[in-house]
Amino acid sequence: MIHISEDDARRAVGLQAAIDAVRTTFIDLHKGRCRLLPVVRESLSNGLGTFGVKSAEYESLGLIGLKAGGYWPGNTTHKAPLTNHQSTTLLFDASSGQALSSIEANWLTEARTAAAGSVAVDTFARQDAQTLGIFGTGMQARSQIEAALLARHFVTIRICEYDHATASALATAIREAHSDIEVLLTNPEETVRGSDVLITVTPSNEALFAPEWVPEGQHINAMGADTVGKRELPRSLLGKARLFHDDAEQSQGLGEFQGLKDHARMSASIGSVLADVSAFNRSDSDITIFDGTGVAVQDIAVGWVAYKAV
């Protein structure tokens, strides 16, 4: 069994490699080449964080594995230099159960989440999308933007300015990396109304904006809801949009579509669309929503990329 450090994992897996791996996981999950096992996701009794375990069997890779970790919102304030999100991935040989690797997976979690968003933008957003908006300026925000830029050529990025300091820091980083892109700090309504593609990546428990702000033709990546009670989008919007998920059970149980009546009829998997591109055609007026809850096969897949590289 080998241990892969955070630094080695970051060197081994870039965003494009994560995107390629995650795109394959969506198709494999749809085709039954891998399967998810029950999720554990619980608030800790000390009130300091949320701990979870996501595991899966990845038959086509000959692996079983899990990712354990969660969210400790006080880390960046009280536990520097730790980030709020802490994750560790374990990989096992499916034929024998032998432990292959333990992997410090903070970056890999960030990368696979951003990769899922990128694949969704590439799959569902209009080809002529030029403006990207984002709610959330935490750890995930920068990688979400960078991954989205690998899917579409955005000329303007709107960052919702809830917190001026973190929004300004994110804007500066994007401007320095992409001098040809206009980066704006905007209020919630301007962010929603002015975006062809909208990313929400927050820990919110309530809708971030009004449904009437959403323009026709917008694609939304809802990436923040991963625990019972979390939500970022107005419920009334779900009935007006075309809905897609990474996994039906997780989406309905702990994702943005949790509690959605007739979920099976209203929402389709992104894997089904990727496996049969003719199954999806969007009109210019369609509003599309992808609920990215984060599935264990993604963690196994990017962990496997890191394992093979080292």
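**Exercise 1. Determine the strand order of the open sheet, its pairing and its edge strands.**

Step 1. In this predicted model, eight strands make up an open sheet, ordered S10-S9-S8-S11-S12-S15-S13-S14. Strands and helices are DSSP runs numbered from the N terminus, with at least two residues (E) for a strand and at least four (H or I) for a helix. Two strands pair if DSSP finds at least two bridges between them.

Step 2. The pairing is parallel. Strands of a sheet pair through backbone hydrogen bonds, either parallel or antiparallel.

Step 3. Strand S10 (182–186) and strand S14 (267–269) are the edge strands, each pairing on one side only. From one strand to the next, the twist averages 20°. Angles run from 0 to 180 degrees between N-to-C directions, and axes are lines fitted to C-alpha atoms, for helices over the stretch in contact.

Basis of the values: this is a predicted model in which local features need pLDDT of at least 70 and side-chain atom pairs count only at pLDDT 80 or more, while totals for chains, interfaces and linings use all residues. Residues are numbered from 1 along each chain as its sequence is written, and side-chain values use heavy atoms, with hydrogens and water left out.

**Exercise 2. Describe strand S8, its pairing with S9 and the helices that pack on the sheet.**

Step 1. Strand S8 (residues 131–135) pairs with strand S9 (residues 156–160) in the parallel sense, over four bridges. Ile134 has Ile159 in S9 as its bridge partner, and Leu132 stands opposite Ile157 in S9.

Step 2. In a regular strand the side chains alternate between the two faces of the sheet. From S8, Thr131, Gly133 and Phe135 point one way, whereas Leu132 and Ile134 point the other way.

Step 3. Five of the five residues of S8 are buried, so S8 is largely enclosed by the rest of the structure. Buried means under 20% relative accessible area, exposed over 50%, and partly exposed in between (1.4 Å probe, protein chains only).

Step 4. Helix H5 lies across S8, S9 and strand S11 (197–200) and runs at about 160° to S8. Helix H6 (residues 164–177) also packs on the sheet, where H6 touches S9 and S10 and makes about 175° with the direction of S10.

**Exercise 3. Characterise the crossing of H4 with H5.**

Step 1. The axes of helix H4 (residues 106–124) and helix H5 (residues 139–149) come within 8 Å and cross at roughly 40°. That makes H4 oblique to H5; angles under 35 degrees count as roughly parallel, over 145 as roughly antiparallel, 65 to 115 as roughly perpendicular, and the rest as oblique.

Step 2. The crossing of H4 and H5 is right-handed, meaning that the near helix is turned clockwise from the far one by less than a right angle.

Step 3. Contact means heavy atoms within 4.5 Å. Residues of H4 including Thr109, Glu110 and Thr113 meet residues of H5, among them Met139, Gln140 and Ser143. By class, this contact has five nonpolar, seven polar and one charged residues. Ala, Val, Leu, Ile, Met, Phe, Trp, Tyr, Cys and Pro count as nonpolar, Asp, Glu, Lys and Arg as charged, and the others, Gly among them, as polar.

**Exercise 4. Locate Thr25 and list its contacts.**

Step 1. Thr25 is in helix H2 (residues 15–31). Its relative accessibility is 1%, so Thr25 counts as buried.

Step 2. Leaving aside neighbours within four places in sequence, Thr25 is in contact with Cys34, Tyr58, Val297, Gln298 and Ala301.
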